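Please examine the following structure. A short report on selected features comes after it.

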Amino acid sequence: MDRLLPLIVAVPLLGAAVLVGAGRRMPRLAAETVACACAAASTALACAALARATTVVSWAGGWRPRHGVSGGIVLVGDRIGLGLAALASVLVLAVLAYSWRYFEEPPRGHSGAFPALVLLFQAGMCGFALTGDLFDAFVFFELMGVCGYALTGYHVEESRPVQGALAFGFVNSLGSYATLMGIALLYARTGELGMAAIGRQLDAAPERDALVAAAFVLVMTGLLVKAAAVPFHFWLPDAHAVAPTPVCLVLSGVMVETGVYGVARVHTTVFGGPGGIPAAGTRRVLVVLGVVSAVTGAVMCWQQRHIKRLLAFSTVGHTGLFLVGVGLLTDEGLSGTCLYVLGHAGAKAALFACTGILLARLGSVDEHELHGRGRDIRGIGLLFALGGLALAGLPPFGTGLGKAVVEEGSAWLPALFGLVSALTGGAALRVAARVFLGTGERGREEEPETAGGEEEPETAGGEEEPETGRRIRLAPPPMVSVAVALLAGALAVGTVPALAEATYAASSAFLDHAGYAATVLGGRAGGGQPGHAAAAHGGAWWTWTGAALGLLSAALAVVLAAAAVVGLVPSRGWSAPLRRLHSGHIGDYVAWTTAGIGLLSLLTLW
Amino acid sequence: MSVLPYLVAGWIFLVGVYGLATSRHLVHAVGCLAVAQSSTYVLLLAVGYRRGATAPVFSDIPPGTTVVDPVVQALALTDVVVGATVTALLLALVVQTRKRHGTVDPDELSGLKG
């Protein structure tokens, strides 16, 4: 298996190379079959590696460490990293299946372009999830980023996608350069680039100083930009609202979560020991940023009428919750977050898949414009509503289980998680009720003027082009079955006890700073066997309180949606200052990112 | 080793960020991003510098001679490749922005807000 680990990254890369090289002469069917085969092979490899109990460590070229000193580059397949790689591969497979007949026929000779970009994107995500080397993490991070920009702006002949892709590109690249500066500082201090080796060197001389703190802030900046933590999040709604819908599945479902994974991985392996950043500091950073992101995302999500933008803001809110869950730095917090991420990926991707069907059929993603026009596709409406309920944390969806497990960490958490779940789920249910049932008012057509005579800042979704080239009458079976399969996946996460147990064991192993170094550098078998750890703790499973809180937030979401549909919710004026901050201006976003670096430093050094 | 190169690297990064935040032209903004990135080249090379050392090529110098750190040079080279990719892609998007929006001033791009 050690030898097969690099193939998880290499197979999609090779597939992309074949598609770029031979794509000009390939018919579309062949190109998409090659892409699906590569993505499936990578998924199978990741799942096969997951089935083994121990961590898989693979040194490139056989340059193994001698006496704990490493000169090589390492891939580390622990269960959480492999799990993330498997999730990314599964979603990429879903994207390829979904876009099988979704996209307009590409121009002659370009049939390989889209599948090749998606495969490169997959390679970047899998590589980032599996690498044990900080500089490689930066390279994979950039590979993922560049493919993300290109995929976001894939419809270059339209005006909004290029603007969204530009915002995405500027903010993310700036963040990743900050990360690289942090990596250079760590190399200057320790002379190492491997995460485990850097951690060990820092621990050897545990003197906390400004350099380590600066490196922490800089490295975290890039990862938090990817994780869309407020105030680094501005690029996300712009990019996700305009990216082609199949791409949104993977952007919202797994790419943003990859940033959270990076934060957790770098914290535990590099800064988790006595020579790093004290746990209290990291906890403060992640919990404060997480709470602010969760509330901002949920409030902004509720205010949107552009359905894809609404779902994008709900991703900001949920990623905030993930940051809080990881920031607790406990086994329960992390394992709950893993389950939450898995459930969220299924639910959010299914919601995007349904939105894509709306766009393809009705040529709009605007909640007001689509009012009642989805009446004849009630089946899609049912899927959309189920996705909304899953977002709201309804048991037994995986989102509900993850939420319940994390909430046990502290007394104030249920309030935050309940509020964010209810607002984001409620917004999705409101859309479902208006579009598919046609309930309530049609919604205003004219833009109301605010008191200052200033135009309300908002993005309507009316002038989107159907990505199928022409409008479709019936949703093609692949698109519907992808949405159903994704929702079924979200349901399975909350109903398979073995998964929760394995996640719990994997989380204890993940948070073990010294254990990771011993596994990677010393060759000790590690990786958390499910069984003893979980049995001692009872694992992470449904409790009565957790299920009740999940039902409560789902009920609250239904009430909110119903109130909004019948017009009982106050007008949107109160949130105008917050909405005005999302100005769509690249300079503003860069300024916010810089302010965020300052905030991060304050929280770290406080 | 003096602290000057590190200050220079920090200064270049801040200059790039300032230019990016106040830019009135997207091509200028892409240039500013490249400036911000070049601070990482300065930082990496400063980290590997050793006084009185020579280039790390051992074909014509005796083993044991002091050389500068070759690892950071490899990192800087990779960094240059990444930077070229990002710059090329962003410039291509700017060209498309000019075609679709008819402007390259970020102040006039108002399709996405709120």
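In which sense, left-handed or right-handed, does H10(A) cross H12(A)? The crossing is right-handed; that is, the near helix is turned clockwise from the far one by less than a right angle. This is a predicted model, in which local features need pLDDT of at least 70, side-chain atom pairs count only at pLDDT 80 or more, and totals for chains, interfaces and linings use all residues. Residues are numbered from 1 along each chain as its sequence is written, chains are lettered from A in the order in which they are written, and side-chain values use heavy atoms, without hydrogens and water.

Helix H10 (residues 245-271) and helix H12 (residues 307-327) of chain A pack at about 20 degrees, with axes 10 Å apart. H10(A) is therefore roughly parallel to H12(A) (angles under 35 degrees). Residues in contact (heavy atoms within 4.5 Å) include A:Val256 in H10(A) and A:Phe322 in H12(A).

Chain B gives 42 residues and chain A 49 residues to the contact between them. The two chains bury about 3900 Å², 78% of it on carbon and sulfur atoms (buried area is the accessible area, 1.4 Å probe, that two parts lose on being put together, summed over both). There are 0 salt bridges between chain B and chain A (a side-chain nitrogen of Lys or Arg within 4 Å of a carboxyl oxygen of Asp or Glu).

Two cis peptide bonds of chain A are tabulated below.

| Cis peptide bond | Omega |
|---|---|
| A:Val230 to A:Pro231 | about 0 degrees |
| A:Pro395 to A:Pro396 | near 0 degrees |

Key
Axes fitted to C-alpha atoms, helices over the stretch in contact; angles between N-to-C directions. Helix = DSSP H or I, 4+ residues; strand = E, 2+ residues; numbered from the N terminus. Parallel < 35°, antiparallel > 145°, perpendicular 65-115°, else oblique.
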